[in-house]
Amino acid sequence: MEETAAEASVVRIGDVPELAGISADRLTSAQAGLSPELRRLHRAILDSFVQLGSAPGQDRLKDDASKLGPDMGIALEQLEESDLIVRDRPTGRIVGVYPFSAVPTRHRVHIAGGTPVYAMCAIDALGIPDMLAKDGVILSEDPVDSSPIRVEVHAGRADWNPASAVVFVGSTGQDGSLAQTCCSVINFFASSATAKEFQSRNPGVTGRVLSQQEALELGRSVFGQLAREDRR
């Protein structure tokens, strides 16, 4: 059967073998392996970013964990082992829960009627409006020449400025969480030319350049599905 234009625009994770972990299946499978109590804790951490733009404080975490039964430290370790949250190793502080980052990144997402948040990577940023079912504005910059990039998402459609902007999706090929191996190299670029320059400067990084539609569909597939699964 001949592939339609819409189907052809959707990136297939299998096209980028190094990034097989960046998919709705990875996140929803990780969630499915959690106990109901840990799922609720994960939801509470996500909600904190949505409501406050930051990770929950220790007092709120202790309150949430006390309702769950297990020790907070053990509960957070389980979420970290499932690669659903990212913590600072020396302090144990939560520094991210996909798709949100508690520390500044290149990618700032302004959600209509909500608190601005940082995204872990470009694909995460594109997935946040769909995850929350709201319009949003994404502000980022090209890591090669610092050109500003703006993506306005309205009613599921995205307007990109500059019109030549693309997204590079890649991996360092090292072992570790997605935050360690992928997030730092998944960025917006002002053009395919600067994305290719980035690749030439980082020969150890593997991946590919995605068109605007491919990147948007990938963000939706990962985080829209996460939101639907999370609310079951």
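**Chatting through a predicted model**

Visitor: Which residue just after α6 takes a positive phi?

Guide: That's alanine 133, with a phi of about 55°. Keep in mind that this is a predicted model.

Visitor: Okay, and α6 itself, is that mostly covered or exposed?

Guide: Mostly covered. Helix α6 spans residues 122-132, and ten of its eleven residues are buried.

Visitor: Which residues of α6 are buried?

Guide: Here they are: Ala122, Ile123, Asp124, Ala125, Leu126, Gly127, Ile128, Pro129, Met131 and Leu132.

Visitor: Which strands does α6 lie across?

Guide: Helix α6 lies across β3, β4, β5, β6, β7 and β8, and it runs at about 20° to β4.

Visitor: In what order do the eight strands of that open sheet come?

Guide: The order is β1-β2-β3-β5-β4-β6-β7-β8, with antiparallel pairing. At the edges you'll find β1 (85-87) and β8 (157-161), and each has a single partner strand, so one side of each is left without a neighbour in the sheet.

Visitor: How many bridges are there between β1 and β2?

Guide: Three, and the two strands pair in the antiparallel sense. If you want a spot to look at, arginine 87 stands opposite isoleucine 94 in β2.

Visitor: Which strands does α3 lie across?

Guide: Helix α3 lies across β1, β2, β3 and β5. Its direction is at about 95° to β2.

Visitor: And at what angle do the axes of α3 and α5 cross?

Guide: Roughly 80°, and the axes come within 11 Å. That makes α3 roughly perpendicular to α5.

Visitor: Which residues make the contact?

Guide: On the α3 side, Leu38, Leu41, His42 and Ile45; on the α5 side, Ala75, Leu76, Gln78 and Leu79. By class, six of these residues are nonpolar, two are polar and none is charged.

Visitor: New topic: how many residues are in the largest nonpolar core?

Guide: It has 54. The residues with the most contacts inside it are Ile45, Tyr98, Ile123, Leu126, Val167 and Phe188.

Visitor: What does valine 167 touch?

Guide: Leaving aside residues up to four places away in sequence, its contacts include Ala122, Ile123 and Leu126, which are buried residues of α6. Others among them are Trp160, Phe188 and Val209.

Visitor: What residues are in the second, separate core?

Guide: That core has seven residues, including Val166, Val185, Phe189 and Ala195. Valine 166 stands opposite phenylalanine 189 in β10.

Visitor: How many bridges join β9 to β10?

Guide: Three, and the strands run antiparallel. They belong to an open sheet of three strands in the order β10-β9-β11. The edge strands, β10 (187-189) and β11 (206-210), each pair on one side only. From one strand to the next, the twist averages 25°.

Visitor: Stepping back, how many helices and strands does the protein chain have?

Guide: Nine helices and eleven strands. Of the 232 residues in the chain, 48% are buried.

Visitor: What share of the contacts with a separation of 6 or more comes from residues 24 or more positions apart?

Guide: In the protein chain, they account for 59% of those contacts.

Definitions and conventions: Residues numbered from 1 in each chain as written. Predicted model: local features only at pLDDT ≥ 70, side-chain atom pairs only at ≥ 80, totals over all residues. Heavy atoms only, no water. Axes fitted to C-alpha atoms, helices over the stretch in contact; angles between N-to-C directions. Helix = DSSP H or I, 4+ residues; strand = E, 2+ residues; numbered from the N terminus. Parallel < 35°, antiparallel > 145°, perpendicular 65-115°, else oblique. Contact = heavy atoms within 4.5 Å. Nonpolar A, V, L, I, M, F, W, Y, C, P; charged D, E, K, R; others polar. Buried < 20%, exposed > 50% of the residue type's maximum accessible area, 1.4 Å probe, protein only. Pairing = 2+ DSSP bridges. Core = buried A, V, L, I, M, F, W, Y, C linked by side-chain atoms within 4.5 Å.
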